Amino acid sequence: MASMKDVAKKCGVSVATVSKALNDYSDIGEETKKRIRAAAEELGYLQNASIRALKSNRSWNLGILFEDEAQSGLTHDYFAPVLECFKRIAENKGYDITFINNRIADRKMSYYEYCRFRGVDGVLIACIDFYDPEVQSLIRSNIPVVTIDHTFDNRIAVVSDNVNGMAGLVDYVCGMGHQKIAYIHGENTSVTRSRLGSFFHSMAEHGIELPDEYIRASEYRDTALAKTITKELLALPQPPTCIFYPDDYAAVGGINAIHEKGLRIPEDISVVGYDGILLNRVMEPRVTTVRQDMPEIGKKAAELLIGLIEKPKTTLIEHVVVPGTFVQGESVKNLG
């Protein structure tokens with residue numbers, strides 16, 4: 001295996017210059033850094049992790065706090081692409097990934113204690129109860145944190161543009177002549193509140209008032225509950241002509257309920273989803289939805305967290321909104 005001395009010899013510089021370049025010191029020019037890093041890669045030089053940590057006063061380890069109620073882990077249709085892109089960007093920057101929990105062997109500890117035990121440089125928080133006291137404690141700590149789909153005043157957040165995403169769906173459905181529109185929304189989170197507020201605002205702009213029974217609370221990615229609520233909506237004296245679902249995955253439950261009743265989509269009833277997951281691209285008919293830019297959300301989160309760690313004085317505490325893309329499927333009938 002090549003040594004730092006080998007890299008220095010190839011580049012015609014001192015070992016100290018190589019060390020500074022590989023550790024991104026500011027007194028080494030960018031061109032010199034690029035040349036040294038290219039030589040190190042060509043020679044197969046790998047800096048020992050413990051030495052690198054000692055020299056940089058960092059662990060080069062990022063924590064991920066991710067815990068959805070369905071225990072879907074990295075199979076989660078929405079967050080899997082987000083976390084995969086986050087991981088790829090982080091690894092390209094030289095960081096390792098540790099998933100945060102609140103237990104080491106048989107010992108229970110807080111998320112903050114776990115982060116300190118593992119010595120992570122920063123933490124990405126996603127898909128969790130942000131009002132959990134342990135999460136709140138981590139947010140208030142001095143550990144660099146970036147959140148996904150939830151905002152705190154003093155922390156960087158990356159969120160999907162749920163307001164404009166929902167507004168686009170409503171405009172399309174109303175433009176297709178629908179007025180009897182039901183919305184099965186997700187649990188009470190900041191994402192739900194943004195989408196629900198946008199839904200009502202857009203409906204009001206179209207001059208549509210909806211009965212209370214058309215607005216139903218459910219859970220994200222819960223096909224069974226979506227199916228049950230869909231049956232109840234279809235049984236109303238005046239059933240809706242279109243049903244919005246909290247996400248594309250939950251919409252599958254609603255679609256099953258519709259088919260079991262002997263109804264066709266969109267001939268007899270229209271459906272709308274959200275997220276734009278891979279499953280929707282192979283369904284028939286394809287559900288009209290908003291495709292969230294999961295890779296971009298993961299990329300932004302990684303770049304911002306690493307920036308907060310490496311350049312804390314110049315990295316802005318901001319809330320980055322990532323736009324989605326309206327996807328017109330074949331699940332909404334034109335009533336006009």
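Modeller: Start with pairing: two strands pair if DSSP finds at least two bridges between them. Strands (E, at least two residues) and helices (H or I, at least four) are DSSP runs, numbered from the N terminus. This is a predicted model, where local features need pLDDT of at least 70, side-chain atom pairs count only at pLDDT 80 or more, and totals for chains, interfaces and linings use all residues. Residues are numbered from 1 along each chain as its sequence is written, and side-chain values use heavy atoms, with hydrogens and water left out.

Biologist: Why is E5 called mostly covered?

Modeller: Buried means under 20% relative accessible area (exposed is over 50%, partly exposed is in between; 1.4 Å probe, protein chains only). In E5 (residues 122-126), five of five residues are buried. Both faces are covered, with Gly122, Leu124 and Ala126 on one side and Val123 and Ile125 on the other.

Biologist: Which residues of E13 are on the covered face, and which on the uncovered one?

Modeller: In strand E13 (residues 319-322), Val320 and Val322 make up the covered face, while His319 and Val321 are on the uncovered one. E13 runs parallel to strand E7 (residues 156-160), with four bridges joining them. Ala157 stands opposite His319 there.

Biologist: How about His185: buried or exposed?

Modeller: Its relative accessible area is 11%. That falls under 20%, so His185 counts as buried. You'll find His185 in strand E8 (residues 181-185).

Biologist: Which residues is His185 in contact with, leaving aside neighbours within four places in sequence?

Modeller: Contact means heavy atoms within 4.5 Å. On that basis His185 touches Thr192, Leu196, Ile215, Arg216, Ala217, Ser218, Glu219 and Pro246.

Biologist: What order do the strands take in the open sheet that holds E8?

Modeller: The order is E9-E8-E10-E11, four strands with parallel pairing.

Biologist: Why do E9 and E11 count as edges?

Modeller: Strand E9 (215-217) and strand E11 (270-272) each have a single partner strand, so one side of each has no neighbour in the sheet. Neighbouring strands are turned by 15 degrees against each other on average, direction ignored. E8 and E9 are joined by three bridges, with Ile184 standing opposite Arg216.

Biologist: How does H8 run against E10?

Modeller: Axes are lines fitted to C-alpha atoms, for helices over the stretch in contact, and angles go from 0 to 180 degrees between N-to-C directions. H8 lies across E8, strand E10 (242-244) and E11, at about 175 degrees to E10. H9 packs on the sheet too, touching E8, E9 and E10, and its direction makes about 170 degrees with that of E8.

Biologist: Where do helices H8 and H9 sit relative to each other?

Modeller: The axes of H8 (residues 162-175) and H9 (residues 190-205) come within 8 Å and cross at roughly 35 degrees. Among the residues in contact are Met166 and Val170 of H8 and Phe199 and Met203 of H9.

Biologist: Why is H10 called oblique to H11?

Modeller: Helix H10 (residues 223-234) packs on helix H11 (residues 248-260) at about 45 degrees, with the axes 7 Å apart. Under 35 degrees is roughly parallel, over 145 roughly antiparallel, 65 to 115 roughly perpendicular, and the rest oblique. An angle of about 45 degrees lands in the rest, so H10 is oblique to H11. The contact includes Thr223, Ala226 and Leu234 in H10 and Tyr249, Val252 and Ile258 in H11.

Biologist: And how many helices and strands does the chain have?

Modeller: The chain has 12 helices and 14 strands, and buried residues make up 49% of its 336 residues. Its C-alpha atoms fill a box of roughly 80 × 40 × 35 Å along the principal axes.
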